[in-house]
Amino acid sequence: MTTATGEPLLAVSDLQIELITEAGVVRAVDGVSFEIRTGETVTIIGESGSGKSTTAMGVLRLLPDDLAVLSGSAVIGGRDVIADPRAVREVRGREVSLVPQDPMTALSPVHTIGHQLVQSVRLRRPELPAAAAKASAAELLARVRIPEPDRQLRKYPHQLSGGMLQRVLIAIALAAEPRLLVADEPTSALDVTVQAEILDLLLELQEHTGVGILMITHDLGVARLVSDRIHVMRAGRFVESGEVEDVVGAPAQEYTRALLRAVPELGPWDGANGDPR
């Protein structure tokens with residue numbers, strides 16, 4: 001975590017999202033507001049179905065237009081993408097990039113890692129010749145601590161582990177040189193050891209680049225580790241918001257306390273009479 005500075009990279013005000021379902025209209029997000037500045041990590045945490053991922057997808061305008069009705073405002077790079085949906089094309093992949101949830105399904109299985117990463121590089125810098133774009137792709141893999149990047153570029157997604165694929169997704173997001181990263185449950189499909197490595201990588205990248213991060217997670221342990229501020233979400237609303245030390249150390253709401261109690265802790269040895277021998 002670093003010190004937040006400057007004007008907000010993202011300013012969300014009274015965001016409401018209604019989803020059109022077979023059962024009727026559901027208000028999935030009900031009037032949330034928050035900001036993220038340079039070098040800051042803001043986390044939205046809540047149980048499954050609370051609306052946290054819907055909030056992130058709404059801000060990025062990745063919800064189907066015929067199934068989602070959005071109101072309020074979400075200003076990215078000076079453009080309100082709620083008032084002007086076309087504006088998101090100018091900021092998505094430039095001002096803001098997404099690190100999606102499941103590394104096993106987010107990449108094309110029929111194209112190499114190199115092909116997909118080079119395509120991302122050339123979206124940002126179309127003037128680059130093929131050799132320079134490939135070199136930039138290898139450099140991005142090195143930045144996310146993937147060894148032998150030139151060799152990894154030739155591999156297909158099924159040839160890499162989940163942790164390596166998550167690093168590739170972060171590299172693809174960084175190819176856009178964004179000022180803001182939206183990380184939607186970036187560690188939920190990974191084991192605990194790899195989770196720690198990915199979170200450490202994100203914090204290191206933030207320290208070096210000053211990128212702002214919107215973290216979406218159900219894991220309060222993840223939120224505690226990476227966040228400057230936390231918004232606790234339940235049924236589409238923020239029920240508690242504040243600095244990470246305040247929310248985690250002295251939560252005001254019972255729902256937040258229940259989330260804290262749900263975090264597993266190491267207990268005593270469960271052998272005979274508690275004797276580790």
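Predicted model: local features only at pLDDT ≥ 70, side-chain atom pairs only at ≥ 80, totals over all residues.

Reader: What is its radius of gyration, and what would a compact globule have?

Author: The protein has a radius of gyration of 20 Å. A compact globule with 277 residues would have a value near 19 Å, so the two agree. Along the principal axes, the C-alpha atoms fill a box of roughly 60 × 60 × 45 Å.

Reader: And what share of the residues count as buried?

Author: Of the 277 residues, 48% count as buried. As for contacts with a separation of 6 or more, 66% of them join residues 24 or more positions apart.

Reader: Turning to the largest pocket, which residues lie nearest its centre?

Author: Those are Arg92, Gly93, Ser97, Leu98 and Leu123, out of 17 residues that line the largest pocket. Two or more lining residues come from each of strand 6 (96-99), helix 3 (113-124) and helix 6 (162-174). The space in this pocket is about 450 Å³.

Reader: How does the lining divide into nonpolar, polar and charged residues?

Author: The lining has 11 nonpolar, 3 polar and 3 charged residues.

Reader: Let us take Leu98 next. Is it buried, exposed or partly exposed?

Author: Leu98, which lies in strand 6, has 27% relative accessibility and therefore counts as partly exposed. The cut-off for buried is under 20%, and for exposed over 50%.

Reader: Which residues does Leu98 touch, leaving aside those up to four places away in sequence?

Author: Leu98 touches Met57, Leu60, Leu62, Ala173, Val182 and Asp184. Leu60 is 38 residues from Leu98 in sequence, and their C-alpha atoms are 8.5 Å apart in space.

Reader: Met57 brings me to helix 1. How many of its residues are buried?

Author: Helix 1 (residues 52-59) is mostly covered, with 7 of its 8 residues buried. The buried residues are Lys52, Thr54, Thr55, Ala56, Met57, Gly58 and Val59.

Reader: What is the phi of Arg61, which follows helix 1?

Author: The phi of Arg61 is positive, near 55°.

Note on methods:
Residues numbered from 1 in each chain as written. Heavy atoms only, no water. 1 Å grid on protein atoms, 1.4 Å probe; cavity = no way out; pocket = protein on both sides within 12 Å on 5 of 7 lines; lining within 4 Å. Points joined across faces, edges and corners; volume = space filled by probe spheres on them. Helix = DSSP H or I, 4+ residues; strand = E, 2+ residues; numbered from the N terminus. Nonpolar A, V, L, I, M, F, W, Y, C, P; charged D, E, K, R; others polar. Buried < 20%, exposed > 50% of the residue type's maximum accessible area, 1.4 Å probe, protein only. Contact = heavy atoms within 4.5 Å. Rg over C-alpha atoms; globule rule 2.2 N^0.38 Å.
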